[in-house]
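Subject: Structure handover

Hello,

Here is the structure I said I would pass on.

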Amino acid sequence: MTRRECLAVLAAPKLLASESDPLRPRYHFLPPKNWMNDPNGLVYHKGLYHLFYQYNPNGAYWGDMHWGHATSPDMVRWTHLPVALAPVPGSPDKDGVFSGCCRIHDGVPTIFYTGVWPETQNIILANDSLTAFQRFPGNPVISRPPEGLSVTAFRDPNVWREGADWMMAIGSGLKDGNGLVLLYRSTDLAHWEYLHPLAQAARTEDGVIWECPNFFPLGTKSVLVVSADHPIRKPFYWTGRYEGRRFLAGKMGAIDDGGYCYAPQVFVDGKGRQVLFGWISEGRTVAAQKAAGWAGLQSLPRVLDLSEAGELLMRPLPELASLRGAEVSAPEKLQGDSYEIAAEFAPTGAAPSGFALRVSPNGKQRTVVSYNAWQALLGIDRTQSSLSRDNEQDIRTTRLVLAAGEPLRIRVFLDRSVIEVFANDRVCMTSRIYPESGAYTGFEVMNAASLRRFRAWPMHAAV
Ligand code: DQQ
């Protein structure tokens with residue numbers, strides 16, 4: 001959005017498509033219109049959260065990348081601001097302002113990002129409200145990949161402080177090889193020395209390009225999060241040790257196994273928590289996106305933690321509870337297209353335990369979120385979510401092994417066309433559904449005999 005468009009939207013909220021489009025999420029963050037992808041530059045500064053994001057001001061399709069911008073006091077309710085960064089003709093970002101991060105250096109918000117094409121790393125300094133931006137005169141600060149390395153990608157800088165040094169991790173992939181993260185060091189932010197790979201995919205299945213790296217401490221470990229591109233497209237994490245400026249990977253897992261959450265960014269919030277946002281993509285045709293006038297949204301914020309066994313734990317931000325309406329404690333009373341469920345099952349193995357959401361009045365259209373104890377699989381079945389075969393329709397599953405006597409603890413966030421599922425804090429699945437009718441509001445419990453606890457809340461719009 002240009003400043004003028006933004007002011008027009010703010011002055012005339014009735015122009016927003018949100019209330020008239022029954023598929024448009026109400027409590028997830030997305031711009032008033034057009035395309036959004038990766039979260040960028042997440043930072044808490046002077047009492048406000050800043051969320052920047054990859055944005056195409058020209059329509060609901062990827063291209064011409066700008067940085068959109070919003071602020072929030074709590075990461076739940078956001079205020080749209082004018083587009084922050086646009087490509088500057090003749091500069092290193094003439095063809096796009098790709099992903100990056102924001103750090104506070106000597107009190108100054110400092111943005112690190114990739115300009116294209118070719119891919120180079122650049123710096124921008126911002127004012128205190130992050131509304132005025134000044135490109136560093138020495139850009140690009142890294143103008144090409146390391147000498148002697150033949151790479152397929154060189155983007156998405158992630159920066160942290162290490163004693164007197166600044167460190168930068170850059171997403172990459174080797175030609176005829178696998179994904180890797182390149183590690184750089186600087187003492188003044190202007191000059192960067194390539195050290196070596198911070199980490200590298202051991203197998204092609206873990207991605208031939210690693211995009212959007214995040215490297216951060218958590219409890220007693222270090223954590224690497226990357227978005228693996230080809231042959232799969234999925235964000236992964238590894239917990240492990242950081243020694244000699246190399247990451248020694250231990251436990252591995254998926255950040256999300258639903259197929260629609262990608263390019264997550266992790267940052268330290270105002271309470272010192274490591275918080276993750278991810279881009280939730282669409283599962284419908286580009287023509288349908290363009291007709292809707294919007295595409296892509298941000299995941300709910302997830303607070304990260306570490307289990308005793310060294311797995312990453314992911315929980316929805318507790319502050320999201322401020323969106324809850326009156327509690328519904330009897331499943332037969334729940335209906336709608338926008339709610340949170342917190343439930344516990346004692347899965348028996350005899351039949352899957354879970355829920356059918358957005359069930360049509362005749363019962364034929366439905367989306368099933370369920371857990372199969374025999375197979376130890378959590379799944380989302382979208383084969384009957386909508387009548388149209390143009391929407392992606394499948395069954396996706398992820399492995400969730402419960403310890404003896406451990407119940408299935410499940411949180412489900414439904415927001416019209418978005419479903420985010422958290423199970424036992426260990427696995428997440430994000431999915432998209434496109435029911436043809438706003439009347440698909442039915443709800444059913446599957447294997448009700450195994451249900452131990454149930455609470456649900458209609459969710460208010462995050463405005
Ligand atoms: N999206 C950005 C890139 C990044 C990719 C471009 C990941 O910087 O690698 O929009 O979705």
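A polar contact here is a pair of N or O atoms within 3.5 Å. Please keep in mind that this is a predicted model.

A backbone N or O atom of Ser 99 sits 3.2 Å from an oxygen atom of the ligand. The ligand taken alone exposes 310 Å², and the protein buries 95% of that. Strands β1 (34-45), β5 (96-105), β9 (151-162) and β17 (261-268) are the elements that each give two or more residues to the shell around the ligand.

There are 13 residues around the ligand, and those that come nearest are Asp 38, Gln 54, Trp 62, Arg 155 and Asp 156. By class, the shell residues are six nonpolar, three polar and four charged.

Arg 302. This residue belongs to strand β21, which covers residues 302-306. Is Arg 302 buried or exposed? Arg 302 has a relative accessible area of 0%, and because buried means under 20%, it counts as buried. The side chains of Arg 302 and Asp 256 are joined by a polar contact of 2.6 Å. Leaving aside residues up to four places away in sequence, Arg 302 touches a set of residues including Ile 255, Asp 256, Cys 261, Gln 274, Met 314, Glu 420 and Phe 422.

Regards

Technical notes:
Residues are numbered from 1 along each chain as its sequence is written. This is a predicted model: local features need pLDDT of at least 70, side-chain atom pairs count only at pLDDT 80 or more; totals for chains, interfaces and linings use all residues. Side-chain values use heavy atoms; hydrogens and water are left out. Helices (H or I, at least four residues) and strands (E, at least two) are DSSP runs, numbered from the N terminus. Buried means under 20% relative accessible area, exposed over 50%, partly exposed in between (1.4 Å probe, protein chains only). A polar contact is a pair of N or O atoms within 3.5 Å; within protein, one must be able to donate a hydrogen and the other to accept it, and residues adjacent in sequence count only if both atoms are side-chain atoms. Contact means heavy atoms within 4.5 Å. A residue is near a molecule or strand if one of its heavy atoms lies within 4 Å of it. Accessible areas come from the Shrake-Rupley method with a 1.4 Å probe; for residues, only the protein chains shown count as cover. Ala, Val, Leu, Ile, Met, Phe, Trp, Tyr, Cys and Pro count as nonpolar, Asp, Glu, Lys and Arg as charged, and the others, Gly among them, as polar.
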